[in-house]
Amino acid sequence: MERPTSISRRRILAAGTAGIVGAALPIAGQNPDQAARPKVPADPTKVQGPLATEVGARSPFERPKRVSLGEGRTSSLTPLQDLDGIITPADLHFERHHGGVPAIDPKTHTLLIHGMVDRPLVFTIDDLRRFPGKSIIRSMECSGNGGRVYRREGNQTDLTPQQIDGLTSTSEWTGVPLATLLREAGASPKATWFLAEGSDAAVMTRSIPIAKAWDDALIAYGQNGEPLRPEQGYPVRLFLPGVEGNASVKWLRRIELADQPFMTREETSKYTDPLPDGTARIFSLDMDAKSLITEPSFPDRLTGPGWWEIRGIAWSGRGKITRVDISTDNGKTWTQAKLDDPVLPKCHTRFRLPWEWKGGEAVIASRATDETGYVQPTYEVLLAARGPSTAYHFNNIRAWKVNADGSVKFNGGL
Amino acid sequence: MDSQGHRRLRYILLVLGAIALAYSVSVIAQSPSSRPLGIGRVATTEEIAKIDIDVRPDGAGLPEGKGTFADGAKVYAAKCQSCHGANGQGGSAARLVDRESGKNWDFATNAKLVKTVGNYWPYATTLFDYTNRAMPFMQPGTLTADETYSLTAYILALNKIIPEDAVMDRTTLPKVVMPSRDRFVIDNRKGGKVVK
């Protein structure tokens, strides 16, 4: 399989014994930078290599990048087609900012917990790290993920997994359960909501049902073994597993307990879901089950008929993925895919299915089922429930068309 | 807000509270009741007040001060119009004024509609809260309470939600009933077989 817009292992393997010193011819869609092959010795066994370094770097042949769509650069998308397994490298985790990325000194930053508590408390980052901690591997997805293809903007077919659904990523998050801090502050049993507030220029705020705090909300300071990246909320953020990403407020400075929601701008005028009956869902926090084939996908080109592995990710904000089914005949028949370990709740789950491509046209699609029995819907079913210009939560089935020449194009859904 | 409006707001908040509570009861019951670990320090009243800037629909958190449409027009021209356009009609930043389009609330089926304060925002207090915390975009958090009340009055009056001579303050603002307040419904998705 060839991947014109990224330099993949497969292409390097395809170069085989010929070595990789020669410059590849530019392919449509490549920029000159990508076409220029890094220079390496013809035979690495005949020369000493460079020695140990303080901070490693990717192979010069691997250049995965986030991309921003639109002019504002208020978000960037994870290159899902360049990733294996389920963990997203921290520097490729998707971004969504409401007031840019603040620069914060961890020695002076504090987190205040107040409102309906016995003891309003202030914690430094060192304080937070003293509490009994916890690490969890969980995904985060932006509620707007997939909106571009749901609204069928231009019926584009030259779209990568990144461009379609790149606002989802997975990390190992480390921190202190919010429940621990609520007990420390003596949360009132009458508190039903909490406000989370960030220290960015938007002073981003969301109200969350306090049940989430007692369940699995995390005050996170670590991501994939290192401190949070600045764009992920350094030095501390809220992390709400399974919940739309914007509610996991970054650069967290304040939590206030209350007996009602605060009705902030984001949770009223923005992150609400208009419905065809003239209402809009408010606090529609949970992300429903979804899946996406990441290989083969645009702009791959299958080099010939034979065995290929269909690969992708599936996830649900409501629990574990229980099965993923794959169709290679435009939804007529379905075959259950194999799920890689680990299958974790509220987390990307890697699926695989060997597929013998006979060489003709084929429409391939994936369909996720989660432990609540929810099955990823078709576009028509979601459209009927939500309307064509609803604002968020776009988890309908995605499809790719493999053409007779091996090229792969985005084919909307089923 | 009239007394019926107050009852409606109370009802909505009660329902939201009941849902949050029902969701939580079983989990709370499992929480271990351990003594505090003694980590962190008690916050002073002063340091809480310094960053406790949120404003709720019931008016809790609104500061002293007041403002009117006329004052707001001046502040708007100086600090907001370059992005939000004349009369709140939009520019490089969001359109703020338009009560007419979308009055049938066909946002889910009409892709041309633009959500504004007038046709979509459910609570007037949100306008004060957000303007105070995050505006103007390039000088966030620099408006005085009077300026924020004035801008709130200006945008609400342009949307024909309050009269131009209305004075907005901590008493009057929470009583403003927004046209779309009763359009918002609790999320009824719960997983399972049915796609909602």
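Analyst: Let's start with contact: two residues are in contact if their C-beta atoms, placed from the backbone, lie within 7 Å. By that rule the contact between the chains takes 67 residues from chain A and 55 residues from chain B. This is a predicted model, in which local features need pLDDT of at least 70 and side-chain atom pairs count only at pLDDT 80 or more, while totals for chains, interfaces and linings use all residues. Residues are numbered from 1 along each chain as its sequence is written, with chains lettered from A and ligands numbered from 1 in the order in which they are written.

User: How do you know which classes the side of chain A that touches chain B has?

Analyst: Ala, Val, Leu, Ile, Met, Phe, Trp, Tyr, Cys and Pro count as nonpolar, Asp, Glu, Lys and Arg as charged, and the others, Gly among them, as polar. Sorted that way, the side of chain A that touches chain B has 32 nonpolar, 17 polar and 18 charged residues.

User: What makes strand E14 of chain A and strand E4 of chain B a pair?

Analyst: Strands (E, at least two residues) and helices (H or I, at least four) are DSSP runs, numbered from the N terminus. Two strands pair if DSSP finds at least two bridges between them. E14 (residues 280–282) of chain A and E4 (residues 184–186) of chain B have three bridges, in the parallel sense, so they pass the cut-off. Ile282(A) has Ile186(B) as its bridge partner in E4(B).

User: What makes E8(A) an edge strand in the open sheet?

Analyst: That sheet has six strands in the order E8(A)-E7(A)-E12(A)-E3(A)-E4(A)-E1(B), with mixed pairing. Strand E8 (205–209) of chain A pairs on one side only, and so does strand E1 (41–42) of chain B. Inside the sheet, E7(A) (residues 193–198) and E12(A) (residues 252–258) run antiparallel and are joined by six bridges, with Ala196(A) opposite Ile255(A).

User: How do you know that E19(A) pairs with E20(A)?

Analyst: Two bridges join strand E19 (residues 338–339) of chain A to E20(A) in the antiparallel sense, and at least two is what pairing asks for. Leu339(A) stands opposite Phe351(A) there. E20(A) (residues 349–357) also pairs with strand E16 (residues 306–315) of chain A, antiparallel over nine bridges, where Trp307(A) faces Glu356(A).

User: Why is His393(A) called buried and Arg73(A) exposed?

Analyst: A residue is buried if 20 or more other C-beta atoms lie within 10 Å of its own, exposed if 12 or fewer, and partly exposed in between; C-beta atoms are placed from the backbone. His393(A) has 27 such neighbours, so it counts as buried. Arg73(A) has 11, so it counts as exposed. His393(A) has a positive phi of about 65 degrees though it isn't a glycine, and it is in the loop between helix H9 (379–386) and strand E22 (399–402) of chain A. Arg73(A), also not a glycine, has a positive phi near 50 degrees; its loop runs between helix H2 (32–35) and strand E1 (75–76) of chain A.

User: Why is helix H6 of chain A called largely enclosed?

Analyst: Seven of the eight residues of H6(A) (residues 178–185) are buried, so the rest of the structure largely encloses it. Those buried residues include Leu178(A), Leu181(A) and Glu184(A). They pack against strands E3, E4, E6 and E9 and helix H7 of chain A. Just after the helix, Gly186(A) takes a positive phi of about 70 degrees.

User: What makes the largest nonpolar core a core?

Analyst: A nonpolar core is a set of buried Ala, Val, Leu, Ile, Met, Phe, Trp, Tyr and Cys residues joined through C-beta atoms within 7 Å. The largest has 89 residues, with Phe194(A), Ile219(A) and Ile155(B) touching the most other members. H6(B) gives the most to this core, eight residues. A second, separate core of 36 residues includes Tyr150(A), Phe298(A), Ala337(A) and Phe351(A). As for Ile219(A), its contacts include Leu178(A) and Leu181(A), both among the buried residues of H6(A).

Note on methods
Lists of a residue's contacts leave out its neighbours within four places in sequence.
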